[in-house]
Amino acid sequence: MSHSSQSSLDAFWMPFSANRQFKSKPRMLVSAKGMYYQSDDGRPILDGTAGLWCSNAGHGRSEISAAVSRQIEELDFAPTFQMGHPLAFELANRLVDLSPPGLDHVFFTNSGSEAVDTALKIALAYHKAKGDAGRTRLIGREKGYHGTGFGGISVGGLVNNRRSFGPLLAGVDHLKHAWTPGSEFTQGLPQQGASLADELESIIALHGGETIAAVIVEPVAGSGGVWMPPVGYLQRLREITQKHGIVLIFDEVITGYGRVGDAFAATRFGVTPDIITSAKGLTNGAIPMGAVFIADFMHQAFMQGPEEIIELFHGYTYSGHPVAAAAGLATLDLYKGEGLFHKAYELGDYFQAQLHSLAEFDVLKDIRNFGLVGAIEFKPGSQAGARGYQVFEHCFWHGNALVRCTGDIVAVSPPLILTKEHIDELIGALRAAIKTLY
């Protein structure tokens with residue numbers, strides 16, 4: 001099949017893509033190793049996005065592929081409904097060792113979307129198990145992204161992800177976006193805006209705390225534009241939710257496994273929620289898998305009554321899949337052996353300085369960063385979102401670099417194996433694109 005043949009591309013309806021635009025000039029990746037993809041025209045493409053925030057240990061890791069190969073030969077599939085296999089339990093224990101204290105139980109899913117819906121369902125079921133069945137309301141946040149299940153898009157705050165799918169879940173409210181004017185070009189966490197968390201008290205006053213089951217936020221909002229939490233904001237959310245007996249969920253599908261330093265943003269920020277959702281970097285993107293971390297006190301609420309009773313009527317055919325578990329274990333070995341959870345500490349200042357060097361361009365509206373994730377936001381042009389896409393395209397075709405665009409925001413989140421030279425190369429591609437285009 002010709003990679004550029006229009007007819008050969010028709011069958012695949014691509015996700016989150018302008019299909020007709022892409023298929024008129026396809027951007028094809030055919031192999032990957034380390035920090036680089038290779039395009040179908042033979043160019044090395046620096047991966048500035050860790051795939052889709054997932055290939056934290058870089059590409060083509062033989063340790064992971066060998067583990068997957070061995071496992072698929074030994075045990076390709078085993079059910080985890082009333083049965084088990086050793087790797088799921090081994091991986092769960094390894095993950096608990098990485099999680100904040102008290103989050104001692106892991107429920108496996110196949111994606112971040114499934115992890116979010118699982119977390120929401122567990123939060124609702126937890127309150128019912130306690131005899132508090134009136135707590136059914138869920139609170140998300142503007143600009144939040146929590147996957148594409150009906151639960152995730154209901155609590156999510158991105159209008160384009162919601163507008164085509166009807167009324168969604170009932171009983172959902174949203175906190176305001178956690179950003180205030182005057183925070184533009186902040187290096188690291190904004191110093192102002194912690195008081196935005198107090199809006200939760202207003203929502204509680206409106207609906208009654210006894211009706212609210214859970215609040216879900218991303219510690220660092222990723223797909224909605226890469227927004228950092230103001231200093232003290234997450235701590236304040238934790239205080240309010242504990243005060244009113246509301247479950248606090250951190251969606252760490254993007255920040256989990258080293259993106260901002262430490263295994264989880266919860267650890268980096270010193271705030272322990274009741275549930276953490278994760279996926280992506282769990283297996284380095286090699287095999288689909290998600291993991292939901294649940295606080296011990298919540299788990300214990302389910303472990304009541306006769307032992308033969310199923311405690312939670314929820315799960316997936318592939319929950320704890322043996323091949324995915326093998327990939328996860330090999331990935332955790334890489335993270336530990338190469339100290340990748342600390343790369344955001346080691347290179348964060350250099351990454352920050354280089355990213356903010358782009359502030360010289362008047363076309364930029366803002367630059368945001370923390371750890372090894374960042375974004376540049378353009379002032380609107382004649383057509384909304386056009387500048388972000390133009391820079392994305394220029395970087396791919398002329399700068400040999402892959403970045404991600406969301407409207408007029410360009411995001412970067414490179415694999416954690418990067419060096420200062422890779423940072424220079426990535427920022428150089430962005431600088432050349434901006435200079436050429438504007």
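**Reading rings, strands and cores in this model**

Visitor: How many aromatic pairs does the structure hold?

Guide: The structure holds 12 aromatic pairs. Rings of Phe, Tyr and Trp (its six-membered ring) pair if their centres lie within 6.5 Å; planes under 30 degrees apart count as stacked, over 60 as edge-to-face, and the rest as tilted. Take Tyr335 and Phe341: their ring centres are 5.0 Å apart and their planes meet at 40°, so this pair is tilted. This is a predicted model, in which local features need pLDDT of at least 70, side-chain atom pairs count only at pLDDT 80 or more, and totals for chains, interfaces and linings use all residues. Residues are numbered from 1 along each chain as its sequence is written, and side-chain values use heavy atoms, with hydrogens and water left out.

Visitor: Are Tyr335 and Phe341 buried or exposed?

Guide: Buried means under 20% relative accessible area, exposed over 50%, and partly exposed in between (1.4 Å probe, protein chains only). Tyr335 is buried, at a relative accessible area of 1%. Phe341 is buried too, at 11%.

Visitor: Which residues form one aromatic cluster?

Guide: Tyr335 and Phe341 belong to it, along with Tyr257, Phe264 and Phe293.

Visitor: What can a ring pair say about Phe378 and Tyr438?

Guide: A pair of rings is described by the distance of the centres and the angle of the planes. Phe378 is buried, with a relative accessible area of 1%. Tyr438 is partly exposed, at 37%. Their ring centres lie 5.9 Å apart with planes at 55°, so this pair is tilted. Phe378 lies in strand E12 and Tyr438 in the segment after helix H15, so the pair ties together parts that are 60 residues apart in sequence. Helices (H or I, at least four residues) and strands (E, at least two) are DSSP runs, numbered from the N terminus.

Visitor: Which charged end sits over the ring of Tyr438?

Guide: A charge sits over a ring if NZ of Lys or CZ of Arg is within 6 Å of the ring centre and within 35 degrees of the ring normal. For Tyr438, the charged end is that of Arg387, 5.3 Å from the ring centre. Another case is Lys420, which lies over the face of Tyr350 at 5.1 Å from the ring centre.

Visitor: In what order do the strands of the open sheet stand?

Guide: Strands of a sheet pair through backbone hydrogen bonds, either parallel or antiparallel. Two strands pair if DSSP finds at least two bridges between them. Here four strands make an open sheet with mixed pairing, in the order E1-E2-E3-E13. E1 (29-33) and E13 (401-402) stand at the edges with a single partner strand each, so one side of each has no neighbour in the sheet. E3 (residues 44-47) and E13 run parallel, joined by two bridges. Asp47 has Leu402 of E13 as its bridge partner.

Visitor: Which helix lies across E2, E3 and E13?

Guide: Helix H15 (residues 420-437) does, running at about 100° to E3. Axes are lines fitted to C-alpha atoms, for helices over the stretch in contact, and angles run from 0 to 180 degrees between N-to-C directions. Contact means heavy atoms within 4.5 Å.

Visitor: Where do the side chains of E15 point?

Guide: In E15 (residues 409-412), Ile409 and Ala411 point one way, Val410 and Val412 the other, and all are buried. E14 (residues 404-406) pairs with E15 in the antiparallel sense over three bridges. Cys405 stands opposite Val410. E14 and E15 form a hairpin with two residues between them, and Gly407 in the turn has a positive phi of about 60°. E12 (residues 373-378) also runs antiparallel to E15, over four bridges. There, Ile376 is the bridge partner of Val410.

Visitor: Which residues touch the most other members of the largest nonpolar core?

Guide: Nonpolar side chains tend to be buried together in soluble globular proteins. A nonpolar core is a set of buried Ala, Val, Leu, Ile, Met, Phe, Trp, Tyr and Cys residues joined through side-chain atoms within 4.5 Å. The largest has 104 residues, and Leu95, Phe108, Tyr257, Phe293, Leu358, Ile376 and Leu430 touch the most other members. Helix H12 (residues 322-337) gives the largest share of this core, 10 residues. A second, separate core has 23 residues, including Tyr126, Val172, Ile294 and Met298.
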